[in-house]
Amino acid sequence: MNFEYASKSKELQAKLRAFIQEHIVPVEAEYIAFQQNPENLWKRWEGMEKLKKKAKQAGLWNLFLPKDYGDLSPGLTNLEYAPLAEIMGEKIWISEVFNCSAPDTGNMEVLAKYGSEPQKEKWLKPLMNGEIRSAFLMTEPEVASSDATNIETSIVLEGDAYVINGRKWWSSGGMDSHCKFAIVMGKTDFNAPRHQQQSMVIVPMDTEGLRIIRPLSVLGYYDSPEGHAEIQMTNVRVPKENLILGEGRGFEIAQGRLGPGRIHHCMRAVGLAARCYELMIQRSLERETFGKKLFQHGGCQEMIADSKADLESARLLTLSCASAIDSIGPHKARDLIAMIKYAVPNLAIRVIDRAVQVHGGAGVCSDFILARALASMRTLRIADGPDAVHKRTVARIEVNKSYRHSKL
Ligand SMILES: Cc1cc2nc3c(=O)[nH]c(=O)nc-3n(C[C@H](O)[C@H](O)[C@H](O)COP(=O)(O)OP(=O)(O)OC[C@H]3O[C@@H](n4cnc5c(N)ncnc54)[C@H](O)[C@@H]3O)c2cc1C
């Protein structure tokens with residue numbers, strides 16, 4: 001397969017790199033100092049809104065939304081977007097500048113695809129304008145949520161309102177003061193067939209009965225200002241018009257939502273691993289032990305060579321999946337989506353771990369991006385479904401194929 005990027009994508013890549021160089025690199029140290037100051041926990045860095053405005057003016061906005069969404073979309077395919085997401089992924093914090101960060105991207109796709117016109121007007125529009133942020137509440141502390149049929153939050157119709165009761169956690173973005181609504185998955189009918197019990201409903205974060213219990217840390221990082229919240233919902237009432245698509249359609253929406261979200265994570269993961277790889281090479285050129293530069297030691301050369309192969313494998317798998325989604329759609333490409341979701345974070349972890357090793361003690365402190373990158377990639381083996389669940393999908397599809405062939 002040939003992955004020479006289309007000229008439109010190449011132009012945007014150049015434009016994005018130029019934007020980052022001109023507007024983001026000069027303020028990066030300020031942003032990092034702000035983030036690392038414990039007094040700023042859950043506060044938003046004021047420069048973010050200025051950067052967003054500039055990115056929007058430059059036309060580097062909502063690039064993630066594929067061209068099937070018509071007027072809402074800037075018109076890129078997934079394959080054209082992939083290298084752009086990779087560039088954004090090189091710095092953990094900058095996707096928001098371009099309105100391309102999770103969980104908003106997944107929520108925008110849900111509302112664009114399944115939302116009613118009033119839902120689009122009220123929630124999708126400000127989200128696409130970057131005026132607000134959002135959260136997605138599926139995972140629950142009390143049940144093994146990698147099997148989403150286990151969730152227990154109830155959504156009950158009472159008159160003109162749905163009443164929601166349940167506890168969620170790992171609600172990414174839930175700590176952010178800009179997070180104005182959540183898409184909540186729960187059950188409207190506990191007796192329906194397994195995959196028709198679930199529904200999704202829009203819940204404004206300031207609804208009475210919705211309470212943030214605590215922020216969760218990820219291997220010691222709070223990921224402020226978005227954070228990951230544990231949230232209790234007790235008799236939370238929302239108008240029945242807030243139901244998305246229809247009762248019993250939640251599972252269907254979840255499948256539609258997580259496919260594109262997963263490939264975006266992988267695209268950014270390749271970018272982050274590529275940046276750590278560059279740092280590894282840089283360090284190996286600078287430091288010297290036993291009379292040689294690090295890169296002159298065979299052990300270090302092996303780490304560089306293995307990392308290059310891992311990086312290219314991760315990139316090509318991701319591009320091949322993006323191309324498949326464009327040509328056959330996310331449902332038919334679900335085996336490739338599942339495959340990259342476990343393959344890419346693991347490849348990225350290997351690259352980043354080697355970069356940490358080459359940096360020695362510096363690799364695990366916060367002077368470099370490496371420790372945070374390692375934490376974030378380790379997390380990605382769990383977020384949006386753990387490795388085991390995606391391997392199950394791939395294995396089942398593969399076995400099914402062989403079984404069918406053996407019967408021919
Ligand atoms: C940083 C972060 C951000 C997240 N953001 C969100 C969010 O925004 N919204 C949201 O709803 N959720 C979010 N999640 C939650 C995430 O999607 C879940 O943690 C994940 O789906 C696993 O569910 P669980 O934690 O209940 O693990 P469990 O379901 O309890 O699974 C635990 C382990 O069991 C094993 N296992 C499960 N099934 C199988 C199998 N078939 N075969 C073999 N082993 C198996 C796996 O090793 C798995 O890791 C986030 C998680 C993290 C860490």
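**Close-up views of a predicted model**

**View 1. Helix 3 against helix 7.** Two packed helices are described by the angle and the distance between their axes. Helix 3 (residues 78-89) and helix 7 (residues 298-332) have axes that come within 8 Å and cross at roughly 150 degrees. Their crossing is right-handed. Helix 3 makes the contact through Asn 78, Leu 79 and Ala 82. Helix 7 brings Thr 318, Leu 319, Ala 322, Ser 323, Ile 325 and Asp 326. Five residues of this contact are nonpolar, three are polar and one is charged.

**View 2. Domain 1 meets domain 2.** The protein is divided into domain 1 (7-128), domain 2 (133-244) and domain 3 (251-407). The centres of domain 1 and domain 2, taken over C-alpha atoms, are 24 Å apart. Their contact takes 17 residues from domain 1 and 18 residues from domain 2. On the domain 1 side, helix 4 (104-114) and helix 5 (117-128) are the elements that give two or more residues. Helix 4 has the largest share of that side, with five residues. The domain 1 side divides into nine nonpolar, five polar and three charged residues.

Conventions:
Residues are numbered from 1 along each chain as its sequence is written. This is a predicted model: local features need pLDDT of at least 70, side-chain atom pairs count only at pLDDT 80 or more; totals for chains, interfaces and linings use all residues. Axes are lines fitted to C-alpha atoms, for helices over the stretch in contact, and angles run from 0 to 180 degrees between N-to-C directions. Helices (H or I, at least four residues) and strands (E, at least two) are DSSP runs, numbered from the N terminus. A crossing is left-handed if the near helix is turned anticlockwise from the far one by less than a right angle, and right-handed if clockwise. Two residues are in contact if their C-beta atoms, placed from the backbone, lie within 7 Å. Ala, Val, Leu, Ile, Met, Phe, Trp, Tyr, Cys and Pro count as nonpolar, Asp, Glu, Lys and Arg as charged, and the others, Gly among them, as polar. Domain bounds come from an automatic or database domain assignment.
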